[in-house]
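Let us learn to read a structure together. Look first, then ask.

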Amino acid sequence: MAAPDDEQFEEEEGAETTLALCSVGRKRLFSKELRCMMYGFGDDQNPYTESVDIIEDLVIEFITEMTHKAMEIGRTGRVQVEDIVFLVRKDARKYARVKDLLTMNEELKKARKAFDEVKYAGKDAVPG
């Protein structure tokens, strides 16, 4: 029988192996965007691939955890915007960012709608 410390080490080692497998066996989805973000936050223009890969693993892990939590709280099996807002409500920075993005999304929808209305109204007014 293994000592508790040995079991804890085996669990940690297993988690590390899983993370390594994820980073090796999965197609990189956000590398380009993360490189740009890293540069924008003061990193080198061409950051190390290993650094980008680690950050991408963390981003994917965060998105996965948030999605699982969101699926558990609202309507089972569905993720809705309100669920995400609920999950980040206690983190002031995340909450403010989510609110900003939702507000901007609404403004963009209104602007597109107004643009489409002007565009279609212009076609009707011009004789063909």
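A: Start with pLDDT, the predictor's confidence in each residue, from 0 to 100. This is a predicted model, so local features need pLDDT of at least 70, side-chain atom pairs count only at pLDDT 80 or more, and totals for chains, interfaces and linings use all residues. Residues are numbered from 1 along each chain as its sequence is written, and side-chain values use heavy atoms, leaving out hydrogens and water.

Q: What pLDDT does the chain average?

A: The average is 82, and 75% of the residues score at least 70.

Q: How many helices and strands does the chain have?

A: Helices (H or I, at least four residues) and strands (E, at least two) are DSSP runs, numbered from the N terminus. Here there are five helices and zero strands.

Q: Which element has the lowest mean pLDDT, and which the highest?

A: Helix 1 (residues 4-25) is lowest, at 47. Helix 2 (residues 31-40) is highest, at 96. Over residues 1-21 the pLDDT is below 50.

Q: How do helix 3 and helix 4 pack?

A: Two packed helices are described by the angle between their axes and the distance between the axes. Axes are lines fitted to C-alpha atoms, for helices over the stretch in contact; angles run from 0 to 180 degrees between N-to-C directions. Helix 3 (residues 49-73) and helix 4 (residues 81-88) pack at about 110 degrees, axes 9 Å apart. So helix 3 is roughly perpendicular (65 to 115 degrees) to helix 4.

Q: Which residues meet there?

A: Contact means heavy atoms within 4.5 Å. Met66, Lys69, Ala70 and Ile73 in helix 3 touch Asp83, Ile84, Phe86, Leu87 and Val88 in helix 4.

Terms used
Parallel < 35°, antiparallel > 145°, perpendicular 65-115°, else oblique.
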